[in-house]
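Let us walk through this structure in short steps.

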Amino acid sequence: MVDVNLRVGAITCLNSIGSGIPGKRSFSACTIRRDHGTWGLRRMPIILTKPGRERDRDGDSEKDRLMDNRSPAKPLSQPTPTIILRNRDAENRPASQQSARPTTVLRKESESQPVYQLAGKHGHPESANPLALPPTMKAPVKLLDETLQLSDAALEFLVEQPDFVVVGLLGAQGVGKSTVASLLASGGDPTASLRKPLFRVHGQEQFEYGTHCTNGIDMLVTSGRMIILDSQPLLSASIMDKLILQEGKKFGPGPPGSTGGGGAPDFSSTENTVEVQSLQQAAFLLSVCHIVILVQDWAFDPNIVRFLQTAEMLKPSTPTTADDEIIEYFPHVLFLHNHCNPSDFGPRIVKILQDMYNKMFLRSRLQIQTGIGIATGEVLEYLNSSTCGEPINLFLLPDLTRELTSDENEDETTATSKLFSGHPGLGMLVNSLRNQLLGSDIQPLTHATLTEKNWFHYTAKIWELVKKSSFFLEYSRLLP
């Protein structure tokens, strides 16, 4: 009987679930089943649901309720403003890009146009041609001005080619450095260059007042690409007097080696200042010149020889190459005696001078035997190694004083024969000296090949190195 009741209750419950119509019988059957749940039978799941029509009705009401709840925030969450903003960005962005890009390009073109004009402002049709000849120098320009500051006035006369030779002249005051420089720079008759020298030479006024002519270092480039550097006199009393009387000159503490533009170094005296300046100038020429000519106006000046050896000692170290080895650079040194007497051209005097210089520079690293000189047998046949001994770089020039004061109306041939009677002709001596200088076997200044313009920048670097060197300041402290 109990089994029949359980079956009737289960069937009634399932029917009520399938029809979706709830009744008391379903709940009572479930109650009966819950009461007899201990019989080990599997419990059937009870799913409570509503009919389909009630679900649709309740769903519509719930949707309306949600829409009513969201209605206050509807103006803030409307997609329309967002779409409008997107359309605004989409419309403005291409328009801004299309309007800004052409203006940017035009602005760059308008700004770059003056740059091209400035770059070609100094250009000329002649300078644009790499094969065009450089401008001819009719007068020397300053390499170092009177305050011993580097000047770039000579840069426009230099070209990008490595075939050149630099010749510097050193000497005391009034020995004829500027005269020799004018003779070397003259391409024609030397007597014409004496009447109208390219470099400023001593006149009657300078001799009377005892002043000097050259301030700093003058530079001239010849047509044969010889760069001539004429320096101010060494150990000059006129320069010392100028330093003392110069307005605004202050001898006070300064950077080591500073000699111009801002005061001189703190040397013990003005004499020491002049000597250190001369040493700096000599060391500079020994570093940037292929050939250095030491001009003297009499047989032997021990002070100048000692000075040159001191400059060699204080010279900055500049490496170069020789036989694929890195060595320190030292130039060729030529001893030139000016204002020589007729007897000085004899073999005996030449041999004495050569022996003296050989002994004085026995331990020197300066190159004094490089085939430049008057005793090689090529200038004068009787001045050779058999009559004058081992040749060194020694050259002689006759006295030119009478030529400078000769009458302009006098015939040139008569004047030459009168001045140099019994002596080699001036023209032959000057041409022989120029040819030897141009044809000498020079060493490169550095381990790299330099052009003329590279050489100018190299001189600027060496001069700064000389001015900042502490060797000169230490040397000045040892002076009395």
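Leu383 sits in the loop that runs between helix H13 (347–360) and helix H14 (385–388). Helices here are DSSP runs of H or I with at least four residues, strands are runs of E with at least two, and both are numbered from the N terminus. The model is predicted, so local features need pLDDT of at least 70, side-chain atom pairs count only at pLDDT 80 or more, and totals for chains, interfaces and linings use all residues. Residues are numbered from 1 along each chain as its sequence is written, and side-chain values use heavy atoms, with hydrogens and water left out.

Is Leu383 buried or exposed? Leu383 is buried, because its relative accessible area is 0%. Buried means under 20% relative accessible area, exposed means over 50%, and partly exposed lies in between, with a 1.4 Å probe and protein chains only. Which residues does Leu383 touch, leaving aside neighbours within four places in sequence? Its contacts (heavy atoms within 4.5 Å) include Phe345, Gly346, Pro347, Val350, Ile374 and Cys388. Take Val350: 33 residues separate it from Leu383 in sequence, yet the C-alpha atoms are 8.0 Å apart.

Cys388 leads on to the cysteines. Cys388 is buried at 0% relative accessibility. Cys340 is buried too, at 8%. A disulfide is a covalent bond between the sulfur atoms of two cysteines. The criterion used here is a pair of cysteine sulfur atoms within 2.5 Å. The structure holds zero disulfides.

Now step back to the whole chain. It has 19 helices and nine strands. Of its 480 residues, 40% are buried. Among contacts with a separation of 6 or more, 73% join residues 24 or more positions apart. The accessible surface is about 28,100 Å², and carbon and sulfur atoms hold 55% of that. These areas come from the Shrake-Rupley method with a 1.4 Å probe; for residues, only the protein chains shown count as cover.

Another loop deserves a stop. Ser236 lies between strand S4 (226–231) and helix H10 (237–245). Ser236 is buried, since its relative accessible area is 3%. A polar atom of the Ser236 side chain lies 3.2 Å from the backbone nitrogen of Ser238. Beyond four places in sequence, Ser236 is in contact with Gln173 and Val274.

Next come the rings. How many aromatic pairs does a search of the whole structure find? It finds three. Rings of Phe, Tyr and Trp (its six-membered ring) pair if their centres lie within 6.5 Å; planes under 30 degrees apart are stacked, over 60 edge-to-face, and the rest tilted. Phe284 and Trp463 form an edge-to-face pair, 5.3 Å centre to centre with 75° between the planes. This pair links distant parts of the chain: Phe284 is in helix H11 (residues 270–288), Trp463 is in helix H18 (residues 452–468), and they are 179 residues apart. Both Phe284 and Trp463 are buried.

Phe335 and Phe361 form a tilted pair, 5.3 Å centre to centre with 45° between the planes. Phe335 belongs to strand S8 (residues 332–340), Phe361 to the loop between H13 and H14, 26 residues apart. Phe335 is buried at 0% relative accessibility, and Phe361 is buried at 4%. Ring pairs link Phe335, Tyr357 and Phe361 into a cluster.

Terms used:
Polar contact = N/O pair within 3.5 Å; in protein donor to acceptor, adjacent residues only side chain to side chain.
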